[in-house]
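Please look at the sequence and the structure below.

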Amino acid sequence: MYSSIRRKWEKILKYKRDGVLLTQICDAIKGRTIYRVSGILMRLRGKVQEQYEKKRGLDFSAPLPGMYAAEGERRDYWPSEKKYVQRALAELDFHNKLNFLDVGCGKGYVLYLAAAYPFARIAGIEYSEDVFSILKRNMAQLRRTDIALFNADARDFDAYGEYDVIYFFNPFGEKIMSDVIESILNQMRKEKEYTIIYYNPVCADLILQTGIFKLVRDLPIARGCKIHIYRGKR
Ligand SMILES: C[S@@+](CC[C@H](N)C(=O)[O-])C[C@H]1O[C@@H](n2cnc3c(N)ncnc32)[C@H](O)[C@@H]1O
């Protein structure tokens, strides 16, 4: 009798295990489907945006896959998303005069969005000559002669100290990022507060390890990405 009860009990346990497994498989498929569908929607929206820009003589959104940046790093050009940039910029206190710098500014979409805010000064650094020529064309088309553009490697930039808000959209990997952070630290002015906005913060640890910058906002955005906002002063 005992053995038949044990057999039944084991059968129940097996169904329970299989049920859990089945639920997990369904959840995984559901998650992957949502991820894929959101990717397709994102690309569709990008195409519509590209056409809209083309009509106005602009090009911010056409992606440029497989470019080579400094150190032979393979990077894809992809602009930040408007609503997330706006969400991050809404965290700034414009009672003080703020200078804004986009490090790896690409074709200038974030510079264009930043121009709608009362920044005292806006600038961008872009490494790729090809992207830089599109950036210049876009800014000329928008008649934004007030935005400073630097065709340079972010590691060689020597005016980080002049800016208050430094923006990154995952422009490079750890090696370059650690050099750039070191440059920022060396150029920071005493007692001045700096804000770093980091969209898709793959090298977040490098910023926290400085001991100077503290994470003040962790904003979730689409597809499991985030925007981090750090503040720090020397
Ligand atoms: C993902 S795109 C972001 C463009 C723009 N910031 C935005 O959010 O729309 C990153 C850009 O960083 C540039 N980049 C990569 N390495 C760089 C470096 N060492 N110095 C300056 N720019 C760099 C790439 O050429 C690319 O245009």
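The paragraphs that follow describe the chain, the sheet and the surroundings of the ligand.

The model shown here is predicted. Its protein chain has 6 helices and 9 strands. The chain is made of 234 residues, and 30% of them count as buried. Take the contacts between residues at least 6 apart in sequence: 64% of these join residues at least 24 apart.

Now turn to the sheet. Strands of a sheet pair through backbone hydrogen bonds, and the pairing is either parallel or antiparallel. In this structure, 7 strands form an open sheet with mixed pairing, in the order S5-S4-S3-S6-S7-S9-S8. Strand S5 (148–151) and strand S8 (214–220) each have a single partner strand, because they stand at the edges; one side of each is therefore left without a neighbour in the sheet. On average, and with direction ignored, neighbouring strands of this sheet are turned by 15 degrees against each other.

One pair can be followed in detail. Strand S7 (residues 194–199) and strand S9 (residues 226–232) run antiparallel and are joined by 6 bridges. Isoleucine 196 has tyrosine 230, in S9, as its bridge partner. Elsewhere, helix H4 (residues 129–141) lies across strand S4 (121–126) and S5, and H4 runs at about 165 degrees to S5.

Which residues come nearest to the ligand? Of the 26 residues around the ligand, these are Ser80, Gly104, Gly106, Phe169 and Pro171. The shell takes at least two residues from each of strand S2 (74–77), helix H3 (109–114) and S4. By type, the shell residues are 17 nonpolar, 5 polar and 4 charged.

Terms used:
Residues are numbered from 1 along each chain as its sequence is written. This is a predicted model: local features need pLDDT of at least 70, side-chain atom pairs count only at pLDDT 80 or more; totals for chains, interfaces and linings use all residues. Two strands pair if DSSP finds at least two bridges between them. Helices (H or I, at least four residues) and strands (E, at least two) are DSSP runs, numbered from the N terminus. Axes are lines fitted to C-alpha atoms, for helices over the stretch in contact, and angles run from 0 to 180 degrees between N-to-C directions. Two residues are in contact if their C-beta atoms, placed from the backbone, lie within 7 Å. A residue is near a molecule or strand if its C-beta atom, placed from the backbone, lies within 6 Å of it. Ala, Val, Leu, Ile, Met, Phe, Trp, Tyr, Cys and Pro count as nonpolar, Asp, Glu, Lys and Arg as charged, and the others, Gly among them, as polar. A residue is buried if 20 or more other C-beta atoms lie within 10 Å of its own, exposed if 12 or fewer, and partly exposed in between; C-beta atoms are placed from the backbone.
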